[in-house]
Amino acid sequence: MCCGRRQTIVIYFVAIVALALGSDATAQNPLAAARDLYSAAAYEDALQLLNRIRPSAEQRSDDGHVIEQYRAFCLLALGRTAEAESAIESLVQAAPSYRPTDAEVSPHVRAAFGEVRRRTLPGVIQATYEVAKAAFDRKDPGAAEAFKLVLELTADPDLGALRSQPPVSELRTLAAGFLALSTAPGPAPPQPQPPSPPEQPAAPPPIAPPPRVAPPRPTTNRIYGSDDANVVPPIVVRQSFAPLSDVFALRPGIVEVIVDELGEVIATKTILAVNTVYDRIALATARSWRYRPATLDGVPVKFRAIVQLQQKTR
């Protein structure tokens, strides 16, 4: 009984000293003062201070996730489980990669964090993927980092079995494919042209040959194919299968691409499907391919080409 009373007195003494010494520091660094109060087991005082400096939803603060972290610690220490879980959810949304270690907190606190992260992370991953995809669609270079964060979060150990189940497994596959597309090298820059040779004296005009009848130009709206005679098929400039390297396929797929007069792919279609995720990434990959256009009598024409995708084996 005497030892317990002495220990209680020591704890209160430490809390009083922390409050006295930290009165000036609170005005300058309230977060540091709140952490000192938590270390002194003055959980109620620390929580009140944290609530006063907690940023609003409209404000952004680099210390916001640290505030929610210590709010959760205090609430768990006070047995206010529902409020602690709400604070942890806010922390996961602000800093989804943060996981307290066993050396940092007790196993009880670590287990509480793990359970809330397990049910909150799938929604955070979905939202992060949607942000990354929107950035990819508008050709924002920041899309690559966002897709990397999706891959990092889908591998989080707190997810447990959810990592291998939809929608987390599908978002990981999609993020891997779009990351490869967003980091693929673009077309080579044009090479400088050599200087023009000096002008030569004008030669006497040659005798004009008899006029030749030019071959009829092909109809520009027509799409030619391998069955059309006298059509030279397009020549591959870039036809990479790299974005499909992380996606397992039980069988090879086949896509149809339409190459226009500039050698760009203007339309894609699945001919032999593999699965929903694979086919979606395959069509997105085909859109980035480039060719030297097909020609008819030397004139570029549209061409329908059939491409078999490489099958990945285990």
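At 33% relative accessibility, Ala 41 counts as partly exposed. Ala 41 belongs to the loop that runs between helix 3 and helix 4. Its phi is positive, about 65°, even though Ala 41 is not a glycine. Most residues other than glycine have a negative phi, and most peptide bonds are trans. The model described here is a predicted one.

**Overall content**

The protein has 314 residues, and buried residues make up 34% of them. Its secondary structure comes to 10 helices and 8 strands. Of the contacts between residues at least 6 apart in sequence, 68% join residues at least 24 apart.

**Helix 3 and helix 4**

Two packed helices are described by the angle between their axes and the distance between the axes. On either side of the loop that holds Ala 41 are helix 3, residues 30-39, and helix 4, residues 43-53, whose axes come within 8 Å and cross at roughly 160°. Angles over 145 degrees count as roughly antiparallel, and helix 3 and helix 4 are therefore roughly antiparallel to each other. The crossing of helix 3 past helix 4 is left-handed. On the helix 3 side, the contact is made by Pro 30, Leu 31, Ala 33, Ala 34, Leu 37 and Tyr 38. On the helix 4 side, Tyr 43, Asp 45, Ala 46, Leu 49, Leu 50 and Ile 53 take part. By class, this contact of helix 3 with helix 4 has 11 nonpolar residues, no polar ones and 1 charged.

**Helix 9 and helix 10**

Which way do helix 9 and helix 10 run relative to each other, roughly parallel or roughly antiparallel? Helix 9, residues 168-182, packs with helix 10, residues 276-286, at an angle of about 15°, and their axes are 10 Å apart. Angles under 35 degrees count as roughly parallel, and helix 9 and helix 10 are therefore roughly parallel to each other. Helix 9 passes helix 10 in a crossing that is right-handed. From helix 9, the residues in contact are Glu 170, Thr 173, Leu 174, Gly 177, Phe 178 and Leu 181. They meet Val 277, Arg 280, Ile 281, Ala 284 and Thr 285 in helix 10. The residues of the contact between helix 9 and helix 10 divide into 6 nonpolar, 3 polar and 2 charged.

**Other backbone features**

The loop between helix 8, residues 143-154, and helix 9 contains Pro 167. The peptide bond joining Pro 166 and Pro 167 is cis, with omega about 5°. Asp 297 is in the loop between strand 7, residues 294-296, and strand 8, residues 299-308. Asp 297 is a residue other than glycine with a positive phi, near 55°.

Val 257 is placed in strand 4, residues 254-259. Is Val 257 buried or exposed? Buried means under 20% relative accessible area, so Val 257, at 0% relative accessibility, counts as buried. Leaving aside neighbours within four places in sequence, Val 257 is in contact with several residues, among them Val 265, Ala 267, Trp 289, Tyr 291 and Phe 303. Thr 268 is also in contact with Val 257; the two are 11 residues apart in sequence and 4.6 Å apart in space, C-alpha to C-alpha.

**Salt bridges**

Side chains of opposite charge can pair when their charged atoms come close. The count of salt bridges in the model comes to 18. The table gives some of these pairs.

| Salt bridge | N to O distance | Relative accessibility |
|---|---|---|
| Arg 80 and Glu 83 | 2.9 Å | Arg 80, 29%; Glu 83, 38% |
| Glu 115 and Arg 118 | 3.3 Å | Glu 115, 37%; Arg 118, 32% |
| Arg 222 and Asp 228 | 2.7 Å | Arg 222, 41%; Asp 228, 22% |

Salt bridges that share partners also join Arg 99, Arg 110, Arg 117, Asp 156 and Asp 158 into one network. Arg 80 counts as partly exposed, and Glu 83 counts as partly exposed. Where are Glu 115 and Arg 118? They are in helix 7, residues 107-137, and because they are 3 residues apart there, about one helical turn separates them.

Technical notes
Residues are numbered from 1 along each chain as its sequence is written. This is a predicted model: local features need pLDDT of at least 70, side-chain atom pairs count only at pLDDT 80 or more; totals for chains, interfaces and linings use all residues. Side-chain values use heavy atoms; hydrogens and water are left out. Axes are lines fitted to C-alpha atoms, for helices over the stretch in contact, and angles run from 0 to 180 degrees between N-to-C directions. Helices (H or I, at least four residues) and strands (E, at least two) are DSSP runs, numbered from the N terminus. Angles under 35 degrees count as roughly parallel, over 145 as roughly antiparallel, 65 to 115 as roughly perpendicular and the rest as oblique. A crossing is left-handed if the near helix is turned anticlockwise from the far one by less than a right angle, and right-handed if clockwise. Contact means heavy atoms within 4.5 Å. Ala, Val, Leu, Ile, Met, Phe, Trp, Tyr, Cys and Pro count as nonpolar, Asp, Glu, Lys and Arg as charged, and the others, Gly among them, as polar. Buried means under 20% relative accessible area, exposed over 50%, partly exposed in between (1.4 Å probe, protein chains only). A salt bridge is a side-chain nitrogen of Lys or Arg within 4 Å of a carboxyl oxygen of Asp or Glu.
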